[in-house]
Amino acid sequence: MPVIVIVGAQFGDEAKGKITDYLAANAEFVVRTGGGPNAGHTIDLPEGKVVLHQLPCGVLRQDVTAVCGPGMVLDPTALDQEIRTLEERRMFKGTLIISERAHAILPTHIAEDAWEEKLRTATHPGAELGTTMRGIGPAYADRYGRWGVRFGELIRPAKLRQRLELLLASKPHLAGILDPNQLQSDLGEVAGRLAPFVQPTEPTLWSALARKETVLLEGAQSALLDIDFGTYPYVTSHHPTSAGALVGSGIPPFEVSEVVGVTKAYATRVGAGPFPTEVGGDLGAYLQREGGERGATTGRVRQVGWLDLVLLRYVTKLNGFTSLALTKVDVLGGLDDVPVAVQYVTPEGQTLTDYPPADADDLAHVTPVYEKLPSWPKFNERLVARLRDEGAAALPPTLKRFVAYIGQETGVPVEWVSYGPRREETVWLGKTHGSPAAGSVTAWAQ
Ligand code: GDP
């Protein structure tokens, strides 16, 4: 079956971009289903590094159609610039289509993002969300308030004028900041350049599925930032879960064959919000350095911590993962041991293993209980060469046991292990059927 959904299993930056790009080798379509320029997928190619913000990874591969799906909110000016930059670097190799139903992020939304953060801080110091200030939250708010401007309207000047007037009328708190005439003329130029890409995308995907072609639904942001199931209010404004990927693409559930959760072997978080397994001090600084943990969109340093199995079990159930891709295992190479949080204890003494508190403050006050697993050696050229030649069999035995342990603890097999940023620095462990507790991943790790 041809639809594979790729979901970030943590707080973002799990290397979803790298895994999507890797899987895109066998796909005809790659669809971004939500979010906007708050994504920063770094792909390390032989021709150079690319950071994709709004474009799906499919644009980097010939014979792949990249789709900016209906669920997205796209900044037209930034998108136009991103396309042109990739074209200038001769890296725009696929075909691009943009849903006429995707919403436009306008300068009003960016102004509002800053205004809202100020309002939060002025009302309650420390209550800011740490958004990326790209206007994404306000654009989603207008989408659901029915004030938004869709790409199908952006490319029709008379309709655009009417929608802009309505939108600006709904924002008296920004009166005088933005001139509708200027806005219309700025947008008109960019819209003219984007117009050839704008079309109905769902029928194209339905036809592809009828031809049994493979469609990847590329994750952006992550399940723990889901507007309802994440650490509210420190979340993004849409549903970066497997269910959200369907709404954001117009693909029905029965077409989905696989749901891949992407998780680092440790954890990171950027922006505000609870992070129970955060590690500070010298060890935290070491992990930040080794993992290059700095945001591709904002340049902000990411907080680092240990892998949190309570949260991973929760998102596994929430998304129905059929397999996991475990990334950045190289970063932990050479440590004394590898701690993993196996449960929480609440201040009231309750033990939690697979369902975190819904309230962000309560989550901030749990005490994680760790199990320490044996570490694996630091990755060196010899190990990398063996992995390239021999594949998964060459993984160090303690890393194999770590992989099997994660499969056992979550109930889904780890199918891919990524040990470096490049496409080829990935091993496929094969498909195991059913729980790895009873299956071949555990046997393989003996
Ligand atoms: P995404 O938004 O989930 O795609 O993640 P980002 O691109 O923001 O962050 C992942 C970073 O890790 C990027 O700089 C990747 O090049 C890099 N990366 C991906 N996989 C690996 C890996 O297995 N090991 C190491 N060391 N880096 C990786």
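A backbone N or O atom of E14 sits 3.2 Å from an oxygen atom of the ligand. The model is predicted. On its own the ligand exposes 580 Å², and the protein buries 92% of that. The ligand lies between domain 1 and domain 3, because both give residues to the shell around it.

- The side chain of D13 places an N or O atom 3.2 Å from an oxygen atom of the ligand.
- Y419 uses a backbone N or O atom, which lies 3.4 Å from an oxygen atom of the ligand.

**The shell around the ligand**
- The ligand is surrounded by 17 residues.
- The closest are K16, G17, T42, D330 and S418.
- Helix 1 (16-23) and strand 3 (41-45) are the elements that give two or more residues to the shell.
- Helix 1 provides the largest share, three residues.

**The domains involved**
- Domain 1 covers 3-100 + 198-259.
- Domain 3 covers 264-341 + 367-445.

**A buried residue: N319**
- N319 belongs to helix 11, which spans residues 309-319.
- N319 has a relative accessible area of 4%. That value is under 20%, so N319 counts as buried.
- A polar atom of the N319 side chain lies 2.8 Å from the backbone nitrogen of S242.
- Leaving aside residues up to four places away in sequence, N319 touches V7, A223, T241, S242 and V259.

Note on methods: Residues are numbered from 1 along each chain as its sequence is written. This is a predicted model: local features need pLDDT of at least 70, side-chain atom pairs count only at pLDDT 80 or more; totals for chains, interfaces and linings use all residues. Side-chain values use heavy atoms; hydrogens and water are left out. A residue is near a molecule or strand if one of its heavy atoms lies within 4 Å of it. A polar contact is a pair of N or O atoms within 3.5 Å; within protein, one must be able to donate a hydrogen and the other to accept it, and residues adjacent in sequence count only if both atoms are side-chain atoms. Accessible areas come from the Shrake-Rupley method with a 1.4 Å probe; for residues, only the protein chains shown count as cover. Helices (H or I, at least four residues) and strands (E, at least two) are DSSP runs, numbered from the N terminus. Domain bounds come from an automatic or database domain assignment. Buried means under 20% relative accessible area, exposed over 50%, partly exposed in between (1.4 Å probe, protein chains only). Contact means heavy atoms within 4.5 Å.
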